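Let's take a friendly walk through a protein model. Have a look at the picture first, and then we'll go through it piece by piece.

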Amino acid sequence: MKTVRLGADELAPAIEALARGELVAFPTETVYGLGAHGLKASAVSRIFAVKGRPQDNPLILHVLDQEGLERLASPGGVNRWALSLTEAFWPGPLTVVVPAASEVPREVTAGLTTVAVRAPSHPIARALIAGIAAPIAAPSANLSGRPSPTAFSAAWEDLAGRVPYIIDGGRCEVGVESTVVDCTTSPVTILRPGGISVEMVASVVGEVQFPRPGGPARSPGMKYRHYAPQKELIWLVAADSGSLAQARRGVLSPYGRAAVIAPDGVSVPEGWPAYSLGPDEASAARELFEAIRQMDQTDADVIVVMWASERGLGRAWLVNTTTDRKSVV
Ligand code: TXA
Ligand code: MG
């Protein structure tokens, strides 16, 4: 299939394609999404085929606002938690799980009785949803098992030749996926940490809980390996040059050269590839997927990520970077 790159001001062909049941990759403020008309079962099925995504991993439906959420939830399904969370964080990187209306195709929910819904803030994503006047089902626009794309080039690398259109919206602002909150439990359950921190969710709903380790996978997606580079990845919960020097004598000593992904100011040994995460948490979240993709293509023996915090966005990253070749030190 020939894939056409569309600019931000040429969305008409993408809207027509979505309305016909074809797939379009597009930018959101979190990561690029691989979109299909969310109420057409055959269109949604194509997402699984193109990504190589397991059939039992449900999708997020993207809407414009709370009204869009109400239409996808069963009558009375949008409870006070779902209302107050979406009031506080929409449009933005928050997904709520609510009881599903009967019109939601089972291809979207993977047979669950609930549906995950998010209102993105990115103007291109919003124009597409408004353009087809329906929700858009979209997982991240990577092939299954690859890091999520936060740049047009990354979406193109994975999906060119597999979809008719990829829209170029430049780099994604947030860079980590949405926080998924199950509002059907009491208290709410944070199924996937993401762009809205656990602390922010708790500030709105009070108490929160996490899925029990070893319990049933409440968010089916979390049991699959994602964000996986080919190289081994070592996560240092630190952000200073001294810690890197210490790691070089310790955990990194069995390796030759490391590709270092670190905030500004960390000095990297000569000859080692490096990628800067910038000055703060927000820039780090925005850069990390791209950094992992690029450092994976170097000839270094191992990737080192340096991130000092296990809270906020750091937590989202630490939990989600679940390659089986990762160690955290
Ligand atoms: O930021 C994002 O959320 C991006 C952009 C494109 O919006 N999308 C995204 O989609 O990350 P995906 O498919 O990579 O992740 C969706 C997550 C998966 O972990 C999935 O299992 C979970 O949401 N999920 C979807 N529906 C669910 C449901 N009904 N109950 C529990 N978890 C659900
Ligand atoms: Mg994904």
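Let's start with a pair of charged residues: the side chains of Glu 67 and Arg 71 come together in a salt bridge, 3.2 Å from N to O. Keep in mind as you read on that this is a predicted model.

Why can these two reach each other along the helix? Glu 67 and Arg 71 sit 4 residues apart in helix H3 (residues 66-72), so about one helical turn separates them. You'll find both Glu 67 and Arg 71 exposed.

## A bridge between two loops

Next up is Asp 299, which forms a salt bridge with Arg 257; their closest N and O atoms are 3.1 Å apart. This pair links distant parts of the chain, 42 residues apart. Asp 299 is in the loop between H10 and strand E15 (302-306), while Arg 257 is in the loop between helix H9 (241-249) and strand E13 (258-262).

With 60% relative accessibility, Asp 299 counts as exposed, whereas Arg 257 is partly exposed at 30%. How many salt bridges turn up in a search of the whole structure? That search finds 11.

## The sheet and a helix across it

Time to look at the strands. There's an open sheet of 11 strands with mixed pairing, in the order E1-E8-E2-E3-E7-E4-E6-E5-E9-E10-E11. Its edge strands are E1 (4-6) and E11 (208-209), each of which pairs on one side only.

Strands of a sheet pair through backbone hydrogen bonds, in a parallel or an antiparallel way. Which sense do strand E5 (residues 94-99) and strand E6 (residues 114-118) use? They pair in the antiparallel sense, over 5 bridges. Look for Val 96, whose bridge partner in E6 is Val 117.

Finally, find helix H4 (residues 80-89), which lies across E5, strand E9 (179-182) and strand E10 (188-192). Helix H4 runs at about 160° to E5.

Note on methods. Residues numbered from 1 in each chain as written. Chains lettered and ligands numbered in written order. Predicted model: local features only at pLDDT ≥ 70, side-chain atom pairs only at ≥ 80, totals over all residues. Heavy atoms only, no water. Pairing = 2+ DSSP bridges. Contact = heavy atoms within 4.5 Å. Axes fitted to C-alpha atoms, helices over the stretch in contact; angles between N-to-C directions. Salt bridge = Lys/Arg side-chain N within 4 Å of Asp/Glu carboxyl O. Buried < 20%, exposed > 50% of the residue type's maximum accessible area, 1.4 Å probe, protein only.
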